[in-house]
Amino acid sequence: MANTNRPKKANSKVASKGNGENSELMEFFIDELKDILWAEKHLVKTLPKMQKAASSDELKNAFEEHLEVTKTHVDRLEQAFERIGEKAQAKTCDAMEGITKEGEEIIEDTAEGTATRDVGLIMAAQKVEHYEISTYGGLTQLANTLGLSEVADLLASTLQEEKDADVKLTEIAENHINYEAAHEHE
Ligand SMILES: [Fe+2]
Ligand SMILES: [Fe+2]
């Protein structure tokens, strides 16, 4: 009888090297890091446009503040790459590209200086934050699973800042902007 047990595919690339280094999970982790690095860099370019488009000073300030925070996120990701000995390479994040495109459409579809535009900008910005929160939440866990506790700490710091930004946006919307938009004339 012929031997039907095919030899397992040689997979030297994913051969385990100590603490899970080079494992498939590690490759996936690095790929996701590249994705979020692209997203953060993209946001560094997008946030000034959102700031410029915002009507209220409160929202303008929030975008300005988050731009500075976002630059820190890029730095932390670069540190994370350094810790794991990988090149900090960005890879197009289709999701973030789509969410920010939606934000640009909101700017086109609403009038300058209106609270309605701010409502739209807040919604777009919160979609960005929620994407970041889920990404950093998953990546922090994954870093821990891979035994990369220092990288996990970096990612957890950013995760917290994304959550803070989300709360801040909700507050701005609740405090005035939604009310103003509801009472705005066309
Ligand atoms: Fe971020
Ligand atoms: Fe963010």
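**View 1. Where helix 1 meets helix 3.** Ala 39, His 42, Thr 46, Met 50 and Ala 53 of helix 1 sit against Met 96, Thr 100, Gly 103 and Ile 107 of helix 3; two residues touch when their C-beta atoms, placed from the backbone, lie within 7 Å. Sorted by class, this contact has five nonpolar, four polar and no charged residues. Here Ala, Val, Leu, Ile, Met, Phe, Trp, Tyr, Cys and Pro count as nonpolar, Asp, Glu, Lys and Arg as charged, and the others, Gly among them, as polar.

A note on the model: it is predicted, so local features need pLDDT of at least 70 and side-chain atom pairs count only at pLDDT 80 or more, while totals for chains, interfaces and linings use all residues. Residues are numbered from 1 along each chain as its sequence is written, with chains lettered from A and ligands numbered from 1 in the order in which they are written.

View 2. The chain has five helices and zero strands, counted as DSSP runs (H or I, at least four residues, for helices; E, at least two, for strands) numbered from the N terminus. Of its 186 residues, 31% are buried, meaning 20 or more other C-beta atoms within 10 Å of a residue's own. The largest nonpolar core holds 40 residues, and Leu 121, Ile 122 and Leu 155 touch the most other members. Such a core is a set of buried Ala, Val, Leu, Ile, Met, Phe, Trp, Tyr and Cys residues joined through C-beta atoms within 7 Å.

**View 3. Around Leu 155.** Beyond neighbours within four places in sequence, Leu 155 contacts Ala 80, Tyr 136, Leu 139, Thr 140 and Ala 143.

**View 4. His 66 in helix 2.** His 66 belongs to helix 2 and counts as buried because it has 24 C-beta neighbours inside 10 Å. Setting aside residues up to four places away in sequence, His 66 touches Leu 47 and Ala 165. Glu 162, 96 residues from His 66 in sequence, is 9.0 Å from it, C-alpha to C-alpha.

**View 5. The end of helix 4.** After helix 4 comes Gly 147, with a positive phi near 75°.

How values were computed: A residue is buried if 20 or more other C-beta atoms lie within 10 Å of its own, exposed if 12 or fewer, and partly exposed in between; C-beta atoms are placed from the backbone.
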